[in-house]
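Hi,

Here is the structure we talked about passing on to you.

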Amino acid sequence: MTTIDIHFVQGLTLAERAALVTGADFWYTAQVPGVERVMFADGPAGIRKPNNAQDTMGLTESEPAVAFPSAALLASSFDEDLLHRYGQQLGAAAAAKQVSVLLGPEVNLKRNPLAGRNFEYLSEDPLVTGRLGTAFVKGVQSAGVGIALKHFAVTNRESHRYTVSSNVDERALRELYLAQFEKIVKTARPAAIMCAYNRLNGVPMSENQRLLTGILRDEWGFTGMVMSDWGAVVDHVTALKAGLDLEMPGKGAQSVAEIVQAVKAGRLDEMALNRAALRVLQVMHDWARPAQTPTVDFAAKHQFARELAAQSMVLLQNWDEELPLDQPAESIAVIGELAAHPHFMGRGSSQVNPTHVVTPLAAMPKQATYAQGYRLDQTTADPTLVDEAVALAKRSDHVVIFAGYPDGYESEGLDHDDINLPDNQNELIAQLAAIHNHVTVVLQNGAAITMPWAGDVTAILESYLAGEAVGEATWDVLTGAVNPSGKLAESFPVYLGDNPATLFFNADAEKEDYREGIFVGYRYYDTKELEVRFPFGHGMSYTDFAYDDLQVEELADTVKVTATVRNIGDRAGKEVVQLYVVNEASRVAMPAHELRGFEKVSLAPGEATTVTFELDRRAFSWYNAANKQWQADNGHYEIQVGSSSRDIRLQAPLELTLGQTRQPVITADSYLDDIEASADPVVQIAFEQSGLKAAVQPLLDNPATVKIMENLPLRVLVTAGVDDAIVQKFLNLVLCG
Ligand code: BGC
C-alpha cells in the first residue's frame, strides 16, 4: 500500500504535482501512479451526482437520489442525534454513488432573509449551526465519506458573489461568522474546507492567507485540505501561497502548465506546491472508495426523510388547539396549488433528482377535499379558483391552506427583493380567515417571510423545504401522528425592514458592509426590544412543559446549570430547553442575551427530567480585537432558561469568578470606578492617604452629582470642585508605588 508522505510527493514529477492541485475536471481530482482519483459531489440535502459531468448549477438532471429536507428545516429540529443519523444516511448514499467527499453542509449564518441561499443554511446563531453542523459532519464521516465544509467564510448574499467583499469587523467575525466553523473544525475534523467566492475585507477568500492559514491552520489546528468553491480562484499561484490546496474545477492542461512555469520561474516556492499536493493526496488516500459499492434502499431512505421532516417542522401558532386534526369524522378543505406542486427543495447545487415525491395532496386524509385556490405561475388572484376555494371552505369543518414560494424561487445565485408571499396567496389567506374560524396555514419557504394575516388565522405550521416526503411528513404533524417539536433557528421579523442588515443588504455591488456588527437576528431584536412575528427558538407542541428548579453553580473551570422540565400535558412530546446568558459584567456592547446551550428532551405525559448544562469560559467570552483574545470578564451575569428567546421561564443571577478581573492602570485619564476596581493595594492606600477619597465622597453620596462624578476623569475633577493638588498627590503616590 502506498504511504502518503512528503517523500512520496517528492518522488512525483513537477507536472504530476501541479496536476494534483487542480481538479482533473468538474468533479474529480487528478490521479497519480499509486493513488486513484476521487470524486466530489454536492449533497447537503441528498446526493447530486450529475449525469452531465460539466453541470455545476444543477441545470441538467442528476442521478436519482432521495431528496432530504434542506438545512433550514433540519436545523429547526435542534436535535444533534437526528442530524448525526442524517449524516450517516447521507454518507451511505454518497458511498453508494462512489462519492469520496461530499460538498456541504453550508454553515454560513442567516444574516438577512433576502439572501438566496438561506434555505441551505442552518441558523442565524453560531452555536446552533456549530453543534448541528458538528453532528452532521461526524455522521457523514462515520460512514466513510469525507466532508468539505463550506463556504469559508462570511458568505451571506448571492449578488455579485464572485467579487463582492464582505466587510465585517473583527469582533463580529470571530463571535458570529467564524465561530461555527471553528467549532466544527475542532470537534468534527472535516476532511476538507471549501473557501468561498467572496472577498473578506477586500481580500479574495481563495487568497486570504490570514483566514486559510493563520486562523484555520495555525489557530484552529486544521490539518485537512482547503479546496476552492467552483470558480473561486482568481490567481492560482497567489492562492497556493495563501494556503489553498486544490482549485476546483480544474482548468486542465493550462492550469498544470501555469503552476509548472511559476515554480520554474521562482514565483512559486516548490515547498508550497509540495505541501498542497500532499494535502490533496492525503484526502484522496484517506477517503478512497472501496471497489465494492453498497446498494441504497431508496424506500428506507424515503421513510427517513419523512421522519427528519416531521421531527423538524415548527408549529408557530395553534390557537384554541386547532391542531392536531385528529377527528376522522371532520371534513377538511385542502387549499393551494402548493399542496399539489410542493416547494420541497431549493435550486442550484443542492438540488437533487428525487426518487419519489409524495405531495401533500397525495398524502391527505380521506375526509379532505382539494381546491387549487391560486396559481403558482401568477401573482394575481384567479376569481374562479378563489370562488371554488371559498365555497369548499364554507362547507368544511377545517381549512388547511398551503402557502409559500413557487418551486425555483429560492436558489443559489440570486437574492430576493422582498420577503412577501405572492399577493394572490396573501389575499386568499386573508379571505379564508375572514369567513372561517378554523384556518391552518402550512408554509413552504426557506427563510423568514412576512405574514400580514398571522393574527387572523388559527394555526400556522412552518414546514420549510421538507424534501421528497413533504406530503407524508406534513400530515404526520397536522394529524398528530407526530407531535411537533421543531423550533425556529432564525427570527421571523414583522417587517423585512426590522432586520438590521436590510439597511446594507445588496446596497452596493462591490461590497457588503456588516455594519450591524454582532447584532444579528435575535441578538438585535431582543436587545432592541422590537416586536417580532415569531422569535428565535420558538415552536409549539401538542403538549405543554413546565420549567422548575433552576440551579447555577460555579465549578473550577465551568458553570453548571440544572433545571427541571416536566411534560404537563397528556401527550408524549419533545422540548428544546434553551439556555441564554445575560452579560452585565463586560464594558463593551453586548446583546441582551446569547444562546449558550440547548438540549432536546423527550418526555412522556407527566414525566420530568433534569437538564444539565456545563458552560465553559468561552460561553462567557467576547472577542477582544485589541489584544486578539477571547475575554471572559468576572462580574454579574444572569442565567436564563426557557422555551424561546422571548419565553424565558427561569432566571438566576451569577457572580462569575472563573474569568478575568479588570486591572485598570491608573493615570490622569482614569475614572473613580477604575480606582474602585483596582486590586492594587498601593492605589487603595493612595486614595485614602492623598485625601482624594474624602474629597470625592460627598459628591458620590449626593444623588444629584453621583452620575456626573462617574464621568469625570481624574484630571478634570477640579471642575467638580475637587482640589487639583489632592488629585496630583494621589497620582504621585500611585506612580511612586
Ligand atoms: C456552489 C457550491 C457547490 C459548487 C459545486 C458552487 O456554485 O457555491 O456550494 O458545492 O458550486 O457544485
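In what order do the strands of the open sheet of four strands run? The order is β8-β7-β5-β18, and the pairing is mixed. Strands here are DSSP runs (E, at least two residues), numbered from the N terminus, and two of them pair if DSSP finds at least two bridges between them. Strands of a sheet pair through backbone hydrogen bonds, either parallel or antiparallel.

At the edges sit β8 (203–204) and β18 (511–513), each pairing on one side only. Strand β5 (residues 165–167) runs parallel to β18, with three bridges between them. Look for Asn167, which stands opposite Asp513 in β18.

Before you go on: this is a predicted model, so local features need pLDDT of at least 70, side-chain atom pairs count only at pLDDT 80 or more, and totals for chains, interfaces and linings use all residues. Residues are numbered from 1 along each chain as its sequence is written, and side-chain values use heavy atoms, with hydrogens and water left out.

Now the holes. There are seven cavities of 30 Å³ or more (a cavity is a set of points on a 1 Å grid over the protein atoms alone where a 1.4 Å probe fits but cannot get out; lining residues have an atom within 4 Å of a point; points join across faces, edges and corners, and volume is the space filled by probe spheres set on them).

Cheers

Note on methods:
1 Å grid on protein atoms, 1.4 Å probe; cavity = no way out; pocket = protein on both sides within 12 Å on 5 of 7 lines; lining within 4 Å.
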